[in-house]
Amino acid sequence: MGSPSPADQVSRRAQALAGHLRGLHTSMEPSLSPSPCLQYSPPELASPPSDFNLSDMRKLMDGHNLQDRDWLFGLMIQSKLFNPRVAGGRVFVSPDYNQSMEQQREMTMKRIHYLLDCGVFQEWLTGRGPEVEMRKFALHEVIGMYDHSLAVKLGVHYFLWGGAIQFFGTKRHHDKWLRDTENYVIKGCFAMTELGHGSNVRGIETVTTYDSKTGEFVINSPCESAQKYWIGGAANHATHTIVFSQLNINGKSEGVHAFIAQIRDADGNICPNVRVADCGHKIGLNGVDNGRIWFDNVRIPRENLLNSVADVSPDGQYLSAIKDPDQRFAAFLAPLTSGRVTIATSAVYSSKMSLAIAIRYSLTRRAFSITPNQPEVLLLDYPSHQRRLLPLLAKTYAMSFAANYLKMIYVKRTPESNKTIHVVSSAFKAILTWHNMRTLQECREACGGQGLKTENRIGQMKGEYDVQSTFEGDNNVLMQQVSKALLAEYIAVQKRNRPFKGLGLEHMNKSCPVVPSQLTSSTLRSSQFQTDIFCLRERDLLIRFAAEMSQLQAQGLSREYALLQSYQLAEDLGRAFSDRAILQTFLDAEAAVSSGPLKSMLSLLRSMHVLIILEEDASFLRYGYLSPDNAAGIRKEVTILCSELRPHALALVSSFGIPDAFLSPIAFNWIDANSWSSVQPQQGATVPL
């Protein structure tokens, strides 16, 4: 049969077009009836009742101070300072990012003073003990869920400036500075980073000398690259700062030390010989006044040296009980540990917020019909959508348990545990913040165009939280520090012929785990297999890393250069340590729960968390811990786990305990929130209080 002529083709197309215009259909097309207008249906109506108790799950997730958290949620929701707005018949609170940078900074300060008057910061610096510190962590996490700028501004003041005085200072500093800091009479900042030096704190160029004739230290920025940079609070509000500087005594550099310097008087005027400039507009955190500081031979009293680690006598003698310069330097980095703890935990709550919004939206938003004349399909009923969000949900549960563990070892710290806290906080800060940024991006995309609207929070949060990957330690550098610490432990064990103790490496004292050649569903979901394969990876990579370092050094390379050459193994090892440690916190949380629906759900989430790592991390195939066939089986099992978690998605995000007002319009009735009537009285009408 010959092909139709061009004229016939044109004729057929014209007839088809005419049929469409007349509302007719060819016999080849299925009969379609007009679709009725979409109606919003709350996800609670279609989701099955939860098998587990949501309150119990929230207690497990938040871990502590639930009443304090809910009290602070209420304080924020009821105040006009927190920008309450009505959308879809509900009240939502979030910062107004349409404000200018200057307006956002002004609102941050007003909110701080409101929270201060409400007693939120009571005992944040003058209180003592784990309970006080855990309350502070809990309230700071709630503040960050509202606005990262507000949390960062307070974190700099209380955790960095205040923490430096607590850790580096002695009684004279505590008595003089802590209460006024807690009451926000003094506004502190933390001047460590310089234009020329960020992660390499040892290399900072600010120089401080001692004048024994006057009993004063003299702080100087000798070059442009020595200017203090990105100093939160410095541009507008801070009255004082902790200055990290090289201390030069009698011509000898004693390394980095910390000093208190005043940069503004009580009226906000810049002090003599101090220059301050604004860092300018940023992709996020514009409610924080990041600034730059130059010191032009600024004189401060001798007593302003924070002297718990080292001191200088009135006649100019350098005094320190820690003779090793490396150990002295390590002691000066202690405040960064608390900063990493707060960053890691806030990253988890950011992930919870974005997942709660995206999953609630996916339980009410439909797209495409699979069969004629049938309703369009809910987004979360598509297997592809489940795979985008549900593994991230399971990993966020794992990260919650990791963050709770990190807080607990921090508040119960001892001199003996400082090394563990440093390594764990470095690892968790990197892994949890990377996870948060990936989660925010996936949730933004999963919400389509609605994810771009600032009022729906997720898109804006990407810019607000992006900085977490680099401040308080660049994540890649932190992971290298983790690997270096593990290598040092391995070498010490080999040299002294003793068993591993600490950092969770005790598993290396046992025989090497063996992964079965055939992995069934029950094996993949067993905690024993999951622990074994994570321990196998960590053990093998640590041995490989040590062997490669030894080989490179045997070839004449210095230890430092050998580390540079081994960076790929170091990165893999850092992740292996982190994944194994996070899994252990999950297992510990699970073990504390009695048998029942809650424990079963945790087991399901744990399996999803582990298997998605096995699927996505190439090291399991690269180093032969999994065969290609087993990797394919794991991928299929992840799909099955997605389908099993799908009925519980709403309950799992509801267990986060986030008030509705802290979410966004697309998490609820997004049709009403975008209706014509919502823009009629006045655009963006605020709620009357």
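Predicted model: local features only at pLDDT ≥ 70, side-chain atom pairs only at ≥ 80, totals over all residues.

Reader: OK, helices then. At what angle do H16 and H18 pack?

Author: Helix H16 (residues 527–554) and helix H18 (residues 567–591) pack at about 150 degrees, and their axes are 9 Å apart. That angle makes H16 roughly antiparallel to H18.

Reader: And is that crossing left-handed or right-handed?

Author: The crossing of H16 and H18 is left-handed.

Reader: Which way does H14 run against H18, roughly parallel or roughly perpendicular?

Author: H14 and H18 pack at an angle of about 80 degrees, with axes 8 Å apart, and are therefore roughly perpendicular to each other.

Reader: What does H14 bring to that contact?

Author: Asn 476, Met 479, Val 482, Ser 483 and Leu 486 come from H14. They meet Ala 570, Glu 571, Leu 573, Gly 574, Arg 575, Phe 577 and Ser 578 in H18. The residues of the contact of H14 with H18 divide into 6 nonpolar, 4 polar and 2 charged.

Reader: Let's do one more pair. How do H6 and H11 cross?

Author: Helix H6 (residues 130–146) and helix H11 (residues 383–411) cross at roughly 145 degrees, with their axes coming within 9 Å. The crossing of H6 and H11 is right-handed. Pro 130, Glu 133, Met 134, Phe 137 and Glu 141 of H6 make the contact with Lys 407, Met 408, Tyr 410 and Val 411 of H11. By class, the contact of H6 with H11 has 6 nonpolar, no polar and 3 charged residues.

Reader: Switching to single residues. Where is Arg 525?

Author: Arg 525 is in the loop between H15 and H16. Leaving out neighbours within four places in sequence, Arg 525 is in contact with Gln 530, Leu 604, Arg 606, Ser 607, Glu 637, Ile 640, Leu 641 and Glu 644.

Reader: Which of those side chains does the Arg 525 side chain make a polar contact with?

Author: Glu 644, at 2.9 Å from side chain to side chain.

Reader: Now Gln 104. Buried or exposed?

Author: Gln 104 is buried, because its relative accessibility is 10% and the cut-off for buried is under 20%. Gln 104 is found in helix H5 (residues 101–117).

Reader: What about phi at Leu 285?

Author: Phi of Leu 285 is near 60 degrees, a positive value in a residue other than glycine. Leu 285 lies in the loop between strand S9 (274–278) and strand S10 (290–295), and is buried at a relative accessible area of 6%. Leu 503 also has a phi near 60 degrees. Leu 503 lies in the loop between helix H14 (475–496) and helix H15 (521–524), and counts as buried at 10% relative accessibility.

Reader: Last ones. Where do Ile 204 and Gly 232 sit?

Author: Ile 204 is in the loop between strand S3 (188–191) and strand S4 (207–211), buried with a relative accessible area of 3%. Beyond four places in sequence, the contacts of Ile 204 include Met 192, His 197, Lys 228, Phe 244 and Val 256. Gly 232 is in strand S6 (residues 228–232) and counts as buried at 11% relative accessibility.

Reader: How many residues separate Gly 232 from Gly 291 in sequence?

Author: They are 59 residues apart in sequence and 6.4 Å apart in space, C-alpha to C-alpha. Leaving aside neighbours within four places, Gly 232 is in contact with Val 156, Cys 189, Val 288, Asp 289 and Asn 290.

Definitions and conventions:
Residues numbered from 1 in each chain as written. Heavy atoms only, no water. Helix = DSSP H or I, 4+ residues; strand = E, 2+ residues; numbered from the N terminus. Buried < 20%, exposed > 50% of the residue type's maximum accessible area, 1.4 Å probe, protein only. Axes fitted to C-alpha atoms, helices over the stretch in contact; angles between N-to-C directions. Parallel < 35°, antiparallel > 145°, perpendicular 65-115°, else oblique. Left-handed = near helix turned anticlockwise from the far one by under 90°. Contact = heavy atoms within 4.5 Å. Nonpolar A, V, L, I, M, F, W, Y, C, P; charged D, E, K, R; others polar. Polar contact = N/O pair within 3.5 Å; in protein donor to acceptor, adjacent residues only side chain to side chain.
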